[in-house]
Amino acid sequence: IDNGKLTQIGQVGGLGRGEQIRSVRFIGSTGYVVTFRQTDPLYVVDLSNPSAPTVVGELKIPGYSAYLHPVGEGRLVGIGQDATEQGQTTGLQVALFDVSNPADPQQIQKYTITDAYSDAETEHHAFLWWAPENLLVIPAEAYGFVTDPMTGVTANPFTGALGLNVTDGGISERGRIQHPDSNSGYDEY
């Protein structure tokens, strides 16, 4: 702060030229930036010298993470959209990253639901990480339509809460809580 105004003391440029920034997370002296157009570059930025921040690592994978959250030492989870190599989004993606080596971030695993999204992509209050249980909970809605063979009613296959186990080894589904939908004609996925 200089005379009551913020003054820029450093910057890092050239991240994802022609792409949109989808998420940013600061953890200590490290910043994580995700950009997207066709692939998801996850950039690791060393901020230990604020006047000269530097990109120290990069991981390019399909899709993007719109929300990033630390889930243990050297682990980061991203909530966003999976995508094809051409950048066409295909559905909800929960990705687990190993960022213990900032120069070489790696995706450990991703969990996907085709034709789905989560409000956690745009609203951080829609995200719960309960570390003692390694439990991640997010709202999810699968918008791909299915027809119930018993009633002939076409409806969303799932709207509710999604519980995932997230450990150093990966991601697995713990369970779902379906929100009853009186318009669907059935409540089970």
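This tour moves from the nonpolar cores to the aromatic and charged side chains around rings.

The model is predicted, so local features need pLDDT of at least 70 and side-chain atom pairs count only at pLDDT 80 or more, while totals for chains, interfaces and linings use all residues. Residues are numbered from 1 along each chain as its sequence is written, and side-chain values use heavy atoms, leaving out hydrogens and water.

Begin by selecting I79, V94, F127, L136 and I138, which touch the most other members of the largest nonpolar core, a set of 23 residues. Such a core consists of buried Ala, Val, Leu, Ile, Met, Phe, Trp, Tyr and Cys residues joined through side-chain atoms within 4.5 Å, where buried means under 20% relative accessible area (1.4 Å probe, protein chains only). Next colour β6 (75-83), β7 (89-98), β8 (106-114), β11 (135-142) and β14 (158-167), each of which supplies at least two residues of this core; strands are DSSP runs of E, at least two residues long, numbered from the N terminus.

Then select F36, V44, F97 and V99, which are included in a second, separate core of 15 residues.

Move on to Y67 and F127, both buried. Their ring centres lie 5.0 Å apart with the planes at 55 degrees, so the pair is tilted (centres within 6.5 Å; under 30 degrees is stacked, over 60 edge-to-face, the rest tilted). Because Y67 lies in strand β5 (residues 64-70) and F127 in the loop between β9 (116-117) and β10 (128-130), the pair ties together parts 60 residues apart in sequence.

Finish at R22, whose charged end sits over the ring of Y64, 4.2 Å from its centre (for Arg, CZ within 6 Å of the ring centre and within 35 degrees of the ring normal).

Notes. Buried means under 20% relative accessible area, exposed over 50%, partly exposed in between (1.4 Å probe, protein chains only). Helices (H or I, at least four residues) and strands (E, at least two) are DSSP runs, numbered from the N terminus. Rings of Phe, Tyr and Trp (its six-membered ring) pair if their centres lie within 6.5 Å; planes under 30 degrees apart count as stacked, over 60 as edge-to-face and the rest as tilted.
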